[in-house]
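Here's a quick walk through the model, from the overall fold down to a few side chains. Have the viewer open as you read.

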Amino acid sequence: MNIGIDIDGVLTNDNDYILDFTSKYCYENNLKSFDNANLYEYRKLNWNEDTINAYRNKYIYKTT
């Protein structure tokens, strides 16, 4: 049995997911949107550590 893990988003396009949800989070929290959508998450948004953690807790690490 072979098991593969996609750690860089090549097999699963996670950039679209991140773009959708970071845009939504910016809108919901009255944050400035990003200027360069090609950068990854916190770099393109210029968020501080607290904002990054709040976003990740809401959309990435959310529990049911």
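## Ground rules and fold

Helices (H or I, at least four residues) and strands (E, at least two) are DSSP runs, numbered from the N terminus. By that count, the chain has 3 helices and 0 strands, and its elements run α-α-α from the N terminus on.

Keep in mind that this is a predicted model: local features need pLDDT of at least 70, side-chain atom pairs count only at pLDDT 80 or more, and totals for chains, interfaces and linings use all residues. Residues are numbered from 1 along each chain as its sequence is written, and side-chain values use heavy atoms, with hydrogens and water left out.

## Burial and contacts

Buried means under 20% relative accessible area, exposed over 50%, and partly exposed in between (1.4 Å probe, protein chains only). Of the 64 residues in the chain, 23% are buried. As for contacts (heavy atoms within 4.5 Å), take those between residues at least 6 apart in sequence: 37% of them join residues at least 24 apart.

Tyrosine 17 sits in helix H1 and is partly exposed, at 36% relative accessible area.

## Surface patches

The chain exposes about 5400 Å², and carbon and sulfur atoms supply 49% of that; areas come from the Shrake-Rupley method with a 1.4 Å probe, and for residues only the protein chains shown count as cover. Patches are made of residues with over 30% relative accessible area and no salt bridge, joining like charges within 9 Å and nonpolar side chains (Val, Leu, Ile, Met, Phe, Trp, Tyr) within 5 Å.

Met1, Ile3, Ile5 and Ile7 make a nonpolar surface patch of about 640 Å². Isoleucine 7 belongs to the segment before H1 and is exposed, at 79%. A patch of negative charge gathers Asp8, Asp14, Asp16 and Asp20; here Asp and Glu count as negative, Lys and Arg as positive, and His and the chain ends are not counted. Charges are placed at NZ of Lys, CZ of Arg, CG of Asp or CD of Glu. Aspartate 8 also lies in the segment before helix H1 (14–28), and is exposed at 57% relative accessibility.

## The salt bridge

How many salt bridges does a search of the whole structure find? It finds 1, taking a side-chain nitrogen of Lys or Arg within 4 Å of a carboxyl oxygen of Asp or Glu. The partners are lysine 58 and glutamate 28, at 3.0 Å, N to O. Lysine 58 lies in helix H3 (residues 49–60) and glutamate 28 in helix H1, so the pair ties together parts 30 residues apart in sequence. Lysine 58 is partly exposed at 42%, and glutamate 28 is partly exposed at 38%.
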